Amino acid sequence: MADLGDAWLAWQIALLKGNRLPLSGDVTQWIKTWGEIVGQVGLVNYNIAGSGDPLAEQRIGTQFSYGRQLGKILDALVPFLEAHRAEFAQSPEHLKALDQLVTMTREIKVLKRNSVEDVVKQVQRWKGAEDLQARIQKLREALDALDEA
């Protein structure tokens, strides 16, 4: 029993040192629709997700994530709303909501840009690939071409 307690204590210390308590670390999330999670219930397939065509919904969700769909909506909506800013200015609450939407959209665009760390992580994923040296050489050539441009 002492070994179990020691193992638990070591795990807790490791979590605290790495600050990786539940939900505090990097989170990668795939959002599934209720219909994707539940699928068929028993012998009869009930459409509890509320979609008129759950199979079409699944195909669409596979090809176009909710994030991509929302991004396209924001790309079209924000310029339209900004063009009508004067109408929003009549209500401080509506103007605040517009400003928050515009700010959020700008922040999302910044977050979508790849950082140097993202590129390094991608290169680290190449480790063990048969063509690792060729990939690294191609990356170096591409970076050199940027310097020349």
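Glu 82 is partly exposed, with 30% relative accessible area; partly exposed is the range between buried (under 20%) and exposed (over 50%), taken with a 1.4 Å probe on protein chains only. Its salt-bridge partner is Arg 106, with the closest N and O atoms 3.6 Å apart. This is a predicted model, in which local features need pLDDT of at least 70 and side-chain atom pairs count only at pLDDT 80 or more, while totals for chains, interfaces and linings use all residues. Residues are numbered from 1 along each chain as its sequence is written, and side-chain values use heavy atoms, with hydrogens and water left out.

**The chain as a whole**

- The protein chain holds 8 helices and 0 strands; both are DSSP runs numbered from the N terminus, with helices (H or I) of at least four residues and strands (E) of at least two.
- Read from the N terminus, the elements follow the order α-α-α-α-α-α-α-α.
- Of the 149 residues in the protein chain, 9% are buried.
- Among contacts in the protein chain with a separation of 6 or more, 26% join residues 24 or more positions apart; a contact means heavy atoms within 4.5 Å.

**Salt bridges**

- The count comes to 3 salt bridges, each defined as a side-chain nitrogen of Lys or Arg within 4 Å of a carboxyl oxygen of Asp or Glu.
- In the bridge between Glu 82 and Arg 106, the closest N and O atoms are 3.6 Å apart. Glu 82 sits in helix α4 (residues 66-83) and Arg 106 in helix α6, so this pair ties together parts that are 24 residues apart in sequence. Arg 106 counts as exposed, at 54% relative accessibility.
- Asp 99 pairs with Arg 85, and here the closest N and O atoms are 2.9 Å apart. Because Asp 99 belongs to helix α6 and Arg 85 to helix α5 (residues 85-88), the pair ties together parts that are 14 residues apart in sequence. Asp 99 is partly exposed at 31% relative accessible area, and Arg 85 is partly exposed at 30%.
- Arg 135 bridges to Asp 131, with 3.0 Å between the closest N and O atoms. Arg 135 is partly exposed at 32% relative accessibility, and Asp 131 is partly exposed at 36%.

- Leu 74, Val 78, Leu 81, Leu 98 and Val 102 make up the largest nonpolar core, which has 5 residues. Such a core is a set of buried Ala, Val, Leu, Ile, Met, Phe, Trp, Tyr and Cys residues joined through side-chain atoms within 4.5 Å.
- Helices α4 and α6 each supply at least two residues of this core, and the largest share, 3 residues, comes from α4.
- Setting aside neighbours within four places in sequence, Val 78 is in contact with Leu 101, Val 102 and Thr 105.
- Thr 105 lies in helix α6 (residues 92-112) and is buried, at 7% relative accessible area. Beyond neighbours within four places in sequence, Thr 105 is in contact with Leu 74 and Val 78.

**A nonpolar surface patch**

- Trp 8, Leu 9, Trp 11 and Ile 13 form a nonpolar patch on the surface, together giving about 450 Å² of accessible area. Patches are made of residues with over 30% relative accessible area and no salt bridge, with like charges joined within 9 Å and nonpolar side chains (Val, Leu, Ile, Met, Phe, Trp, Tyr) within 5 Å.
- Leu 9 has its place in helix α1 (residues 2-18) and is partly exposed, with a relative accessible area of 46%.

Definitions and conventions: Accessible areas come from the Shrake-Rupley method with a 1.4 Å probe; for residues, only the protein chains shown count as cover.
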